[in-house]
Amino acid sequence: MTSGLSAALAIAKKDILTQFRKRFEVFSMFLFALIAVLAFSFAVVTGGAVPQEIGSALLWVIIFFTGMFGFAPIFLSESETGTLRGLATAPIPAWSVYLGKVIYGFFLMALVEIFLVPIIMVLFGFSLLNDAPLALATLLVGTLDLAAVGSMASALTMPSESKATVFPLVYFPTATSALMLLIEITKIIVLGPGLVPVLLIFEILLAHLIAMLTLSASVFHFALSP
Amino acid sequence: MNLKVKLLVTIAVETNELTRRYGYRVALRKVTLNFSKSGIQGLFGSNGAGKTTLMRVISTLLRPHGGFISVMGFDPQEEPEEVKKRIGLVGDKPLLYEELSGLENLRFYSKLYGLQAEFFDSQVEDLAKRFAINTWLEEPVKNLSTGLKKRLDIVRSLLHNPELLLLDEPFSGLDKDTTEDFWEYLNEYRNSRTTIVTTHNLAFGAALCDEYVTLRKGVVVGQGPIAEFDQTL
């Protein structure tokens, strides 16, 4: 019997390999992100920079919506092709399937962000380098949080007949609290540290991530065998 | 040996008043049946009889809404992993990833089942040769014909050498050669493995199986040795 963690890694690796071969989701994500960045840079940038207060909001709103293109098909493709039954009948804990998908979602989003964040920083004329370690930690935790919520939303959407409508209905309200925290932390990093206790907000973000992961993992068997 | 222990030894699947609904529609209505351990067990019935639903409950894919079920001595709700490591499932759709090659698919499933590399290699070599897919293993699944995909899916289901093989309409869409190969394989393991086969082709099922259960509209209307099977029911 394989351990849950190694099963999760095998599932993530399989999804990443599949994604590199078909490239559909990652291409859609890049395309949407690029169009959104260009549209905002034309609309909002004046004098080479966006107003510093809204730059962080634009960054995370773009990441938030870009995630939809990657997270929504995470379980839907398995459900439509029937391969989800292969995962559901394998002798692995249900949470490992969920964790594997979260790792895959995180990888997908991180791949886009590696290109997206520098482009945004250049075109929007703001910097996250005031506190680079915290900025990096915020991007990592924030992306993982969105992947955790997005994966669960995708799983909950599976039985629905109107998947395209139901996914945002689950994803938006669940991820919005994390989105607010991410915008707030990033704003503090951009404006300069020390204005408010940023670490406290970061801890709330971490708690949100842990709550999402543990709650979703603990009820995930209901999604696999209804 | 007490009665309970005896049941565990001789019965692969046991249900008592098993009920499963889809919304208001009852797919299985108080189904009580036994499938013996070893041999090929037939689950017969026309479309909509509840065969696939029962197979899904046995394989832990669906939860029952009432009644009792035991698979290889374990409760699929309480000990799903014990059930899952003992079963192999072949359904109407191959459980394969189109973008991956046959070998990548098999290797992925071997990791989920925690198979040792040496065991995996010997299983793939043996099964791929037997089902004549050894020259197709490097090919992406999306390039394979329906028959080759089915062969690969059968190999996938047998990789971990399951004690209980669940075959849901396994011969639909299969060509003559694959059907014969699979039939021969099932016969070879008739006494050492339990196989449950669903089919709506009664003549075919009668020729293959040792025992049978017939479902109609979610209700058991007959069960027993295949010699007692009446195709007119």
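Author: Start with strand 1 (residues 11-22) of chain B, which pairs with strand 2 (residues 25-36) of chain B in the antiparallel sense, over eight bridges. This is a predicted model, by the way.

Now move on to the open sheet of chain B, where six strands run in the order 5-6-7-3-8-9 with mixed pairing. Strand 5 and strand 9 (219-225) of chain B sit at the edges with a single partner strand each, so one side of each has no neighbour in the sheet. On average, neighbouring strands here are turned by 15° against each other, direction ignored. Inside the sheet, strand 6 (residues 164-168) and strand 7 (residues 194-199) of chain B pair in the parallel sense over five bridges, and B:Leu167 has B:Val197 as its bridge partner in strand 7. Helix 6 (residues 146-158) of chain B packs on this sheet, touching strand 5 and strand 6; the helix direction makes about 170° with that of strand 5.

As for the partner, the contact takes 23 residues from chain B and 21 residues from chain A. On the chain B side, helix 3 (80-84), strand 5 (87-90) and helix 4 (102-112) each supply at least two residues, with the largest share, four residues, coming from helix 4. By type, that side of chain B divides into twelve nonpolar, four polar and seven charged residues.

Methods
Residues are numbered from 1 along each chain as its sequence is written. Chains are lettered from A and ligands numbered from 1 in the order in which they are written. This is a predicted model: local features need pLDDT of at least 70, side-chain atom pairs count only at pLDDT 80 or more; totals for chains, interfaces and linings use all residues. Two strands pair if DSSP finds at least two bridges between them. Two residues are in contact if their C-beta atoms, placed from the backbone, lie within 7 Å. Ala, Val, Leu, Ile, Met, Phe, Trp, Tyr, Cys and Pro count as nonpolar, Asp, Glu, Lys and Arg as charged, and the others, Gly among them, as polar. Axes are lines fitted to C-alpha atoms, for helices over the stretch in contact, and angles run from 0 to 180 degrees between N-to-C directions.
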